[in-house]
Amino acid sequence: MRRATLALGALCASGLASAQTSAVQSPATGSSVTVFGIADVALGYGSGSIASKTQLYSGGNSASRLGFRGIEDLGGGMAAGFWLEAGLNIDDGTTGATNVNNQPNGSANGLAFNRRSTVSLMDFWGELRLGRDFTAQYRNRNDVDPFSVNGVGTNQAQVGTIGGPTATRASNMVAYFLPPNLGGFFGEVQYYMGENPKPSFNEDDGNGYSARVGYANGPFAIAVAGARTQFARSGSTGDIDTVNLGASWDFQLVKLMGGYYRDKVKSLPEVTGTGYLVGAIVPVFGYDQIKVSWSSYGTDAPGDPTARKWAFGYVYNFSRRTAAYATYARVSNSGGSAVAVNGGITDANRSASGYDLGLKLSF
Amino acid sequence: MRRATLALGALCASGLASAQTSAVQSPATGSSVTVFGIADVALGYGSGSIASKTQLYSGGNSASRLGFRGIEDLGGGMAAGFWLEAGLNIDDGTTGATNVNNQPNGSANGLAFNRRSTVSLMDFWGELRLGRDFTAQYRNRNDVDPFSVNGVGTNQAQVGTIGGPTATRASNMVAYFLPPNLGGFFGEVQYYMGENPKPSFNEDDGNGYSARVGYANGPFAIAVAGARTQFARSGSTGDIDTVNLGASWDFQLVKLMGGYYRDKVKSLPEVTGTGYLVGAIVPVFGYDQIKVSWSSYGTDAPGDPTARKWAFGYVYNFSRRTAAYATYARVSNSGGSAVAVNGGITDANRSASGYDLGLKLSF
Amino acid sequence: MRRATLALGALCASGLASAQTSAVQSPATGSSVTVFGIADVALGYGSGSIASKTQLYSGGNSASRLGFRGIEDLGGGMAAGFWLEAGLNIDDGTTGATNVNNQPNGSANGLAFNRRSTVSLMDFWGELRLGRDFTAQYRNRNDVDPFSVNGVGTNQAQVGTIGGPTATRASNMVAYFLPPNLGGFFGEVQYYMGENPKPSFNEDDGNGYSARVGYANGPFAIAVAGARTQFARSGSTGDIDTVNLGASWDFQLVKLMGGYYRDKVKSLPEVTGTGYLVGAIVPVFGYDQIKVSWSSYGTDAPGDPTARKWAFGYVYNFSRRTAAYATYARVSNSGGSAVAVNGGITDANRSASGYDLGLKLSF
C-alpha cells in the first residue's frame with residue numbers, strides 16, 4: 001500500500017500543479033457519477049493568556065468533505081463535467097454554510113455544496129466553468145502552504161486576510177481556465193456577481209473579477225494573482241483589491257515554498273494588509289513528510305497589528321488514502337493583535353500556541 | 001453520442017408520458033442504490049421598468065438536483081422502491097427548502113429531499129407511494145409546457161398560480177398510481193395531511209386530496225386533474241380547489257401542447273385564478289429543439305390583474321446528457337399586475353423581459 | 001428472496017450482537033465508498049384524552065437514513081474506516097438536526113450526519129473511533145427493545161429518559177472498542193467534549209465519559225453500561241449519571257429481552273429516573289416476527305410521575321431488505337405524567353394509544 005507514487009501525490013496536493021484541475025477530474029471512468037470525499041478529524045488544543053480549549057475538530061490536515069462529480073466525454077476532445085462538493089465536520093456531523101451573494105449578509109446554513117458547485121464545458125481551448133468555486137486570489141495562499149491552509153498550521157496570510165467574503169470562494173461565477181497543454185503555463189480568469197437589483201445604492205456589492213497566471217514545469221512553479229471585489233464605500237468596507245504571488249522549488253530532499261500577499265480595502269480610511277509565507281516540506285522514509293512554515297500577516301490600521309506564526313508538522317501516511325498527523329503552531333502578536341489558535345483566547349500582544357493530533361481518510 | 005433516441009427522450013421528458021413513473025425507475029439495475037441528478041446553470045438577465053438584474057442561477061432548463069433511488073425486485077412481478085431527490089442551486093451551492101406540513105408556516109431549510117422523498121410498493125395492481133412528491137394538480141402545468149416550468153420561459157400558469165403550498169408538491173402523502181399497461185390510460189389519486197392536532201381551530205389546514213386521469217397513446221396525450229387542499233377560511237386564505245387540463249399532439253415536425261387552469265381560493269371574498277397555455281416544440285437537425293410558448297394567468301381580484309408571457313428557446317444537445325440552451329421571455333401586465341422575470345422589477349401594467357444562457361448535465 | 005438467513009439478520013439488528021460494529025462495516029468490498037440507507041415510512045395515529053393526530057411519519061420500524069461509509073485495508077490486519085450517516089424523514093424530505101457541543105443549546109439544523117460521523121483506525125488491538133456516535137449508555141436501551149427504539153412501540157425508558165443531550169449520541173468523541181475475537185466479550189469506552197473555553201463558569205458542560213462491557217455467546221447476551229456527563233449545577237440541571245443493564249436469551253421459539261435503567265440528574269434537588277423493559281420477539285413462518293414489549297419509566301420528582309407502555313407489533317418481511325409492519329401501543333400515566341404517542345395529547349394520569357402501519361426498504 002505504501003508506494004513510491006504516494007509522495008508524489010501528496011506533494012501535488014499542496015503544490016501549484018493543483019491549479020490544473022483537469023487532472024483532478026479524470027478518474028471519473030465510465031460511471032456517470034463519482035462519490036468522493038475526505039474524512040479528517042483531529043484532537044486539538046489551543047492555549048492563550050486568557051483561556052485554553054481542548055476540542056475534537058474536523059480537517060486538521062485536509063478539509064473534510066463529501067462530493068459528487070462526473071465527466072461526460074462528448075467526443076472530439078470535448079467534455080462536460082459537474083462537481084458538487086460539500087464541507088462537513090466529522091466531530092459533530094454538521095455540514096458547511098455557503099454564501100449566496102458574495103456579501104457579508106449572504107450566509108446560508110444547512111448542507112450546502114459550499115466548497116464547489118460547478119458545471120464545466122471543456123475542449124482544446126480550455127475550460128468554461130460556471131457556479132461556485134475557489135477564487136483565483138485564494139490559490140496562492142493554499143498552494144505554497146505546506147499545511148494547505150488546514151488545521152492549526154494554516155498560514156497567517158490565510159487566517160488574517162482582510163480580503164472579505166470572496167477571499168477564498170465566490171458564488172455566481174463565470175470562469176475560464178487555460179488548457180493544460182501549454183508547456184507549463186496555466187491561468188484562469190473569473191467574473192462573479194453579487195446579484196443585486198440595478199439601480200440600487202449597493203448594486204455592485206459582491207461583484208468582482210480575478211485572474212491568475214503561472215508557470216509550473218519540473219521542480220519549479222510560480223504564479224501571480226490579482227482580484228477586485230466591489231463594495232460600496234463606508235467606514236468599514238469598500239472595494240477590495242488583492243495581489244499575491246506564490247512560488248515553489250522541489251529540490252527532492254526538500255521542497256521550498258514562499259508567498260507574498262497584499263489586500264487593500266478601500267474603506268474610509270483605506271486599510272492595507274500585507275503577508276509573507278516561507279515553508280518547507282521534507283519527505284521522510286519515502287512516504288512521510290515533515291512540514292515547517294513561518295508566516296505573518298499585518299495591517300496598517302492604528303498600531304500596525306501583526307501576527308506571526310511558526311508551524312511544525314509530521315504526516316505519517318499509512319497508504320495513499322489514509323494518514324495520521326501531528327502539528328504544533330505558535331503565534332506571536334504585536335501592535336494590538338490578539339490572534340490565538342484552536343479556540344484558545346489570548347491578550348493583545350501576547351503569544352498563543354496549540355497542537356493537532358489527527359487521522360485522515362480520503363475516499 | 002448524438003443519436004436518434006435523443007429527440008425521443010427529450011420530448012418524453014416534457015410530455016404527458018412522464019406521468020408514467022414506473023419507466024423512470026426501471027434503470028436501477030442490480031445495484032441497490034443509484035446516485036443521479038442534474039446540474040444546470042444559466043446566466044440570466046431580467047429587465048423591468050424599475051430595475052434590472054444580471055445573475056447566475058440554477059436550473060434554466062431543468063431543475064438542478066441530487067438524488068438516491070433504488071428498486072428491489074420482490075419476485076412475482078412485485079417490487080419495492082425508494083426515491084430521495086434534493087433540489088440544489090449550482091450558482092451558490094445551496095440546497096432546497098421543503099415544507100413539512102403543507103402550510104405556509106411549514107418551510108424547513110437545509111438540504112432537504114424536497115423534490116421527492118418516497119417509498120413505493122409496486123405490483124400488477126399499480127403502485128402505492130408514500131412520502132413527499134408532486135401533487136396530481138401540478139402535472140398538467142409541467143407536462144404541456146415546452147419549458148417544463150424551468151427558467152425564464154416557465155409558463156405563467158405555474159408562476160402565477162394561487163394554488164398555495166401544495167400547488168406543486170405535498171408532504172405526508174399516500175398516493176396510488178394505476179399500472180402502466182392499461183392501453184394508454186393512466187391515473188393517480190393522492191391524499192396528503194397537514195398533521196395538525198385534533199381538535200384545533202385549524203385542524204384540517206394542509207389536508208387535501210388530488211386526482212388525475214389521462215390517456216397517452218401514439219402521438220396524442222390528454223389528462224385532467226382536480227384537487228382540494230383545506231385551510232380555515234379567512235380574508236387571505238381558505239380551501240383551495242384546482243381543476244386543470246393538458247393535452248399534446250406530436251405531429252413529428254412539431255409537437256403542439258395546450259393547457260387550461262383554474263384555481264379557486266375560498267377566502268372571504270373568494271378569488272379565482274384562470275390560466276391558459278399554448279406551446280410548441282420543433283425538432284431541429286434531429287437533435288436540437290426550438291421551443292415556443294404563450295401563457296397567461298390572471299385572477300378576478302379587483303382590477304382583474306393578469307400577466308401574459310411569450311417565451312422562445314433553443315436547446316442544443318451535445319449528447320443525451322449534456323445540453324446548452326438559450327431562452328428569451330417577455331411578460332406584459334394589465335389590471336395592476338406587475339410580474340417581471342429573472343429578478344427584474346417592473347411597474348404595474350408595464351412589461352418586462354429577460355433571457356437565460358445555460359449549460360446542463362444529467363447524471 | 002425470503003431466505004432462512006433473513007430471520008437471523010433481523011434478530012441481529014435488534015440484538016446485543018449489534019454492539020460488535022466491525023461486522024457491520026465489513027461489506028465495503030473494493031469500492032472506496034458505499035452508499036447505504038433505510039427508507040421507512042408509516043401511517044401513524046395517536047389518540048389521547050385531549051387531542052388526536054393522524055400523520056405520515058418516518059422510521060416506524062427503523063430510522064430512515066442516508067449514509068456513506070468505507071474501509072481501507074492497510075495490510076497486516078490493520079484497517080481505517082469512515083462512516084457518515086444522516087437521519088432523514090421520508091414523509092416530508094427533511095433531514096436531521098445534530099448537536100455540536102453536547103449541550104442543550106447545541107442544536108444545528110440542515111442535513112447533518114447527525115446519526116454517525118466517524119473516522120476509525122482498527123487493528124488486532126481493537127478500534128479507535130473519533131467523531132459523533134452513539135454513547136455507550138444508549139445501547140442497552142436499543143439492543144433489548146424488540147422495536148429497536150423506533151416508532152410507536154419505542155420503549156418508555158428511551159422515550160422518557162432524563163439523560164440529557166448525550167443520552168443517545170455525543171459529538172466530539174474519542175472512543176475505543178475491544179476487538180471482536182475475545183470469546184464473546186465486548187466493550188467500549190468513550191470520552192466526549194463540550195468544547196467550552198477554560199476557564200469559564202460552565203467549562204465542563206457537555207464533557208463526559210461512558211463505558212459498556214458485555215458478553216454475547218450463542219443464544220445469550222448481557223451488557224452493563226455507565227456514564228457521566230457534566231453540567232454546572234442549577235435548579236434544572238447538573239451532572240448526569242447513568243447506569244443500565246440489558247440482557248437477552250434466544251430460545252429459538254421466542255427471544256426474551258429485559259433491561260433496567262437508572263439516570264440521576266444532580267440538579268438542586270437531585271432527580272432520579274428509573275426504567276424497566278421486558279420484551280419478546282417470536283419468529284413466525286420463518287420470516288416474519290411478532291413483537292411484544294412492556295416498559296416503564298418514572299422519576300422521583302414530586303408525585304413520582306411514571307408512564308407504562310404496552311406495545312404489540314407484526315413485521316412482514318418481503319425480503320431481507322423490504323418489510324411491511326404494524327404496531328399498536330398503549331401508554332398509561334400516573335403521578336402527574338401525561339405521556340401520549342404519535343402526536344396525540346392526553347391529560348395527566350390519563351392513558352393514550354396509537355398505531356403505525358409502515359413500509360421499509362434498506363439499501
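Hi everyone, let me start at the boundary of chain B and chain A, where six residue pairs are in polar contact, both residues at pLDDT 80 or more. A polar contact here is a pair of N or O atoms within 3.5 Å; within protein, one must be able to donate a hydrogen and the other to accept it, and residues adjacent in sequence count only if both atoms are side-chain atoms.

A word on the source: this is a predicted model, where local features need pLDDT of at least 70 and side-chain atom pairs count only at pLDDT 80 or more, while totals for chains, interfaces and linings use all residues. Residues are numbered from 1 along each chain as its sequence is written, chains are lettered from A in the order in which they are written, and side-chain values use heavy atoms, leaving out hydrogens and water.

Now, how many salt bridges cross from chain B to chain A? Zero, by the rule of a Lys or Arg side-chain nitrogen within 4 Å of an Asp or Glu carboxyl oxygen.

Chain B brings 33 residues to the contact and chain A brings 40, counting heavy atoms within 4.5 Å. Together they bury about 2900 Å², with 71% coming from carbon and sulfur atoms; that is accessible area (1.4 Å probe) lost on being put together, summed over both parts. On the chain B side, L56(B), D92(B) and F363(B) supply 18% of the area buried against chain A, more than any other three residues.

Lastly, the symmetry: a rotation of 120 degrees with 0.0 Å of shift along its axis puts chain C on chain A, RMSD 0.0 Å, superposed by least squares on C-alpha atoms of residues with pLDDT of at least 70 in both. That is the relation of a three-fold axis.

Notes. Buried area = accessible area lost by both parts, 1.4 Å probe.
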